[in-house]
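Dear colleague,

Please read the notes with the model open beside them.

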Amino acid sequence: MTLRYNWTVRELTVVHNSPLLELVYRAAIIHRKYHKPDEVQISSLLSIKTGGCPEDCSYCSQSVHNGAEIKVQKLLPLQEVVDEATKAKKGGATRFCMGSAWREVRNNSDFEKVLEMARAVTSLGMEVCCTLGMVSEEQAKRLAEAGVHAYNHNLDTSEEYYEKIITTRQYSDRIRTLQNVRKAGMTVCSGGIIGLGEKISDRIKMLVTLASFRPHPESVPINALVPVKGTKLGNNLPVSSWDMVRMVATARIAMPKSMVRLSAGRQQMSVEAQALCFLAGANSIFAGDKLLTTPNPAFSEDMKMFKVLGLKPAKAK
Ligand code: SAM
Ligand code: DTB
Ligand code: SF4
């Protein structure tokens with residue numbers, strides 16, 4: 001089967017809304033063709049600069065426009081980042097993702113420090129991923145030169161719904177950054193969040209856009225909104241696990257070779273629900289008891305889950 005870049009909203013809607021077990025079965029067959037079904041990549045996430053972000057993303061605890069109570073933290077010192085990465089590697093993580101609450105990368109001393117961090121973590125033998133907001137082509141090239149393997153920049157939702165969630169930037173800004181990342185030769189990590197109040201059609205449209213990229217993003221994080229008190233979406237109802245399963249399965253069918261990452265929201269999911277997601281094609285998770293500012297299942301709990309399900313951490317490529 002060849003990869004497709006022309007999925008339509010109509011086609012993926014039929015896939016997404018098909019009977020749940022049919023959907024999972026179809027996704028599982030595709031998953032097994034391209035991936036080892038017993039391996040799950042472990043990524044570790046570290047917030048290297050927390051809070052005080054000028055963007056108004058209505059889900060985010062780190063936006064200055066939201067009233068979430070979080071501890072603001074300026075850029076962490078290099079040694080602290082290296083220590084965290086070393087710890088994560090010992091726990092079996094092969095990918096280390098550094099996130100900063102920036103609207104965009106600026107050509108300043110903090111950027112130089114992040115490049116330094118990227119070089120140091122790469123030299124530990126880990127795949128480095130960064131998520132630093134918008135980047136220019138030149139900045140992306142510098143990150144690539146420093147060893148950064150992947151750049152995370154989520155589309156989050158459909159183009160139509162985007163302005164209901166964020167007003168300080170446009171969908172086209174997001175797409176431009178993803179193009180810059182590609183031009184610089186880094187791999188693309190881009191996905192979205194469900195539970196923002198969007199319609200099913202917004203979820204499908206986002207997947208259609210991601211699947212139209214040639215090549216497809218190498219990794220596609222699927223986040224369930226973690227409602228944070230004080231943010232505009234803090235009172236949103238929790239996402240149903242069935243919705244996560246459908247989203248993971250549809251992403252797997254649309255982008256067979258990509259890594260599909262079961263990202264934020266696992267804390268609210270049972271092991272049974274996560275098992276269905278792994279069956280439906282999720283093959284990467286964030287491990288460690290904290291995401292950026294919100295809790296994630298404890299590492300030991302995840303290892304128990306791996307044991308129960310017969311999964312093992314994927315080896316570094
Ligand atoms: N500031 C950069 C940016 O927005 O691109 C990087 C960090 S940002 C926190 C990374 C991603 O985390 C967002 O694009 C969003 O998809 C996800 N995210 C943030 N807050 C979330 C929440 N409360 N629940 C689920 N996902 C969230
Ligand atoms: C992604 O898609 N999810 C991660 C990572 N990329 C950077 C972030 C999830 C953040 C969840 C909310 C928080 O912890 O603040
Ligand atoms: Fe800033 Fe990123 Fe949070 Fe938006 S998602 S407020 S850009 S840290």
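**The cavity and its ligands**

The lining of the largest cavity is made up of 40 residues, and those nearest its centre are Y59, C60, Q62, N154 and L292. A cavity here is a set of points, on a 1 Å grid over the protein atoms alone, where a 1.4 Å probe fits but cannot get out, whereas a pocket is an open set with protein on both sides within 12 Å along at least five of seven lines; lining residues have an atom within 4 Å of a point. This is a predicted model, in which local features need pLDDT of at least 70 and side-chain atom pairs count only at pLDDT 80 or more, while totals for chains, interfaces and linings use all residues. Residues are numbered from 1 along each chain as its sequence is written, chains are lettered from A and ligands numbered from 1 in the order in which they are written, and side-chain values use heavy atoms, with hydrogens and water left out.

The volume of the largest cavity is about 830 Å³, where a volume is the space filled by probe spheres set on the grid points, which are joined across faces, edges and corners. The count is one cavity of 30 Å³ or more. Strands β2 (95-100) and β7 (219-224) each give at least two residues to the lining of this largest cavity; strands (E, at least two residues) and helices (H or I, at least four) are DSSP runs, numbered from the N terminus. By class, the lining of the largest cavity holds 20 nonpolar, 14 polar and six charged residues, with Ala, Val, Leu, Ile, Met, Phe, Trp, Tyr, Cys and Pro counted as nonpolar, Asp, Glu, Lys and Arg as charged, and the others, Gly among them, as polar.

The space taken by ligand 1 is the largest cavity, and a molecule sits in a cavity or pocket if more than half of its atoms lie within 2 Å of its grid points. Around ligand 1 there are 16 residues, the closest being T131, N154, D156, R174 and V226, where a residue is near a molecule if one of its heavy atoms lies within 4 Å of it. Among the polar contacts (pairs of N or O atoms within 3.5 Å), a polar side-chain atom of R174 is 2.9 Å from an oxygen atom of ligand 1, and a polar backbone atom of Y59 is 3.2 Å from a nitrogen atom of ligand 1. Of the 550 Å² of accessible area that ligand 1 has on its own, the protein covers 89%, with areas taken from the Shrake-Rupley method with a 1.4 Å probe.

Ligand 2 also sits in the largest cavity, and N154, N223, L292, T293 and T294 come nearest of the 13 residues around ligand 2. The shell around ligand 2 has six nonpolar, seven polar and no charged residues.

Ligand 3 sits in the largest cavity, surrounded by C53, E55, C57, Y59, C60, S63, A101 and R169.

The largest pocket has a volume of about 680 Å³, and L45, L46, E84, D289 and K290 are the closest to its centre of the 26 residues that line the pocket. Strand β1 supplies the largest share of this lining, six residues.

Best regards

How values were computed: Polar contact = N/O pair within 3.5 Å; in protein donor to acceptor, adjacent residues only side chain to side chain.
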